[in-house]
Amino acid sequence: METLAADLATMIRTPLHDSHVRALDKAGTRRHLKAGDVLQEMGKHVDEFHYLISGEVEAIDPRTQNRYGDGATLGPGQFFGDISFLSGAKALLGARAVKDTELICVPRDDMLRLMSQVPEMSDIIITVFAARRRRLLESGEASLTIIGAEQSRDIRNMAAFASRNRIPFRSLTLGEHEAEALAHECNLSHAEPAVIFGTSEVVTDPTPRGLARLLGLDVDVSKEDDFDVLIVGGGPAGVAAGVYAGAEGMRALVIENHTIGGQAGTSSRIENYMGFPTGISGGDLCWRGEVQAMKFGTKFAVPRRAVGVEKRDDGVFCVTMDDGDIVCAKAIVVATGVQYRRLPIDRLEDFEGIGVYYAATEAEARFCGETEAVVIGGGNSAGQAAMYLSRTAKNVHILVRGTSLASSMSDYLLSRLEADPAITIHYRTELTGLHGGDALEKVTIRDKAAGQDWTVNSRAVFVMVGAAPNTGWLTGLVDLDDRGFVITTGGGHETSHPGIFAVGDVRSGSVKRVASAVGEGSVVISKVWGHVHA
């Protein structure tokens with residue numbers, strides 16, 4: 001299966017061309033470092049591109065402060081950094097000179113402009129940056145440490161947010177020696193659920209928003225001038241719109257409440273998207289799109305949720321965020337998609353995040369070891385979740401209300417489910433009870449055909465039933481159908497209000513497929529361009 005980037009250990013390194021280096025030299029300045037001088041501090045904003053002319057530079061392990069990785073360093077012709085450079089986020093690794101070193105240092109804005117002008121150079125740099133991010137994700141040597149996700153709902157939510165947004169972190173279990181040692185270094189009386197950055201900085205706001213602020217991912221939209229287009233929703237449709245808006249030179253901002261990738265980002269494997277014959281996870285697909293959009297200058301802000309919108313006298317739309325910030329744009333693309341409906345079951349809220357989940361990614365699968373997992377739903381998302389969870393769970397039970405899956409699930413997926421000995425499909429069944437103390441321990445299931453109840457010892461239930469559109473924030477500006485989906489005109493993407501467009505699953509009558517959402521997000525920008533430049 002495809003992943004988010006190439007493997008740094010096996011990829012062939014392509015050096016920058018001499019003409020690229022000359023362009024860097026013209027755009028930047030030369031700097032000399034002595035052995036031991038710091039080039040980049042971990043936790044500081046990445047505001048320069050660093051290219052080595054001579055000398056040697058090493059990345060710094062965020063925990064030991066020694067050389068990071070397997071001993072490799074950067075030499076002449078190489079450059080420092082990872083994908084954080086595109087967004088201007090904070091560095092996840094520091095760097096220092098091993099010996100006297102000469103570099104070309106190019107300010108970030110100038111470098112991004114240069115990359116847009118020289119795509120061959122941009123391709124080389126982005127390929128390396130993405131591969132380095134993959135290495136960080138897989139190494140378990142990240143600057144962010146999460147302790148006690150198995151016991152704390154808040155910490156588990158942090159882990160899920162980091163995992164789905166491809167933020168590298170390592171996870172420690174309470175009670176293990178390393179967790180105790182780290183607690184001592186951080187002046188904690190004992191190991192407790194916590195998030196730690198570097199060697200000793202305890203994150204005082206252990207929430208997704210707090211983590212985004214810490215890492216520089218939460219754009220301060222209140223300080224931004226008016227955008228050409230605000231794209232609300234970071235699923236496949238929203239990310240595609242971000243790519244095309246940036247490519248057309250528009251000032252674009254994408255906001256997303258949870259994870260870039262939206263609901264598609266929770267899919268562990270997409271096999272029917274053209275161009276990926278071995279499949280790709282929804283999260284990796286959308287992460288690639290996010291990188292592509294950032295290359296063109298599109299900005300992303302996560303987590304951000306729109307709660308209302310008003311129109312100024314000059315025709316500009318002003319959208320209020322859940323924290324009170326206001327962002328204004330000449331046009332809005334509504335790409336908020338849908339969310340799984342919550343089941344009307346007692347104690348559902350008690351176990352959300354500690355036994356009841358609405359996504360099946362690596363973050364959730366790690367809590368399914370040696371337990372019976374229960375997946376509720378009959379669509380492709382439920383089927384893909386069951387296939388993914390069967391790798392770690394003792395057994396996976398799929399609960400389906402009807403008597404067949406033929407009309408709601410792709411045939412290739414249904415055939416795999418039926419052939420997998422670790423998966424059992426239960427027709428005409430429903431979940432009726434959740435039981436446990438501080439976390440989920442078992443569930444009650446009703447067999448409607450036999451009229452009997454039975455229990456399963458399960459610590460993990462995945463709810464993937466039905467879908468409700470996220471349109472409440474539009475405050476009556478556009479027409480909705482009787483289910484709350486946005487009505488668009490003429491078979492296109494214009495809504496009843498000029499300047500507001502809708503794409504993807506949130507649009508009434510849309511085809512609920514990733515490929516369709518990407519297509520709509522791509523096509524709508526021509527309409528947005530026409531409105532903005534009318």
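## Charges over rings

Arg 251 lies over the face of Phe 227, at 4.6 Å from the ring centre. Arg 156 does something along those lines with Phe 367: its charged end sits over the ring, 3.7 Å from the centre. (The criterion: NZ of Lys or CZ of Arg within 6 Å of the ring centre and within 35 degrees of the ring normal.)

## What you're looking at

This is a predicted model, where local features need pLDDT of at least 70 and side-chain atom pairs count only at pLDDT 80 or more, while totals for chains, interfaces and linings use all residues. Numbering starts from 1 along each chain as its sequence is written, and side-chain values use heavy atoms, with hydrogens and water left out.

## Aromatic pairs

There are seven aromatic pairs in the structure, meaning rings of Phe, Tyr and Trp (its six-membered ring) with centres within 6.5 Å; planes under 30 degrees apart are stacked, over 60 edge-to-face, the rest tilted. Phe 85 and Phe 129 make a tilted one, at 6.0 Å centre to centre and 55° between the planes. Phe 85 is in helix H2 (residues 84–87) and Phe 129 in helix H4, so the pair ties together parts 44 residues apart in sequence. Helices here are DSSP runs (H or I, at least four residues), numbered from the N terminus.

Phe 85 is buried at 2% relative accessible area, and Phe 129 is buried at 0%; buried means under 20%, with a 1.4 Å probe and protein chains only. Ring pairs also link Phe 49, Phe 79, Phe 85 and Phe 129 into a cluster.

Terms used:
Helix = DSSP H or I, 4+ residues; strand = E, 2+ residues; numbered from the N terminus. Buried < 20%, exposed > 50% of the residue type's maximum accessible area, 1.4 Å probe, protein only.
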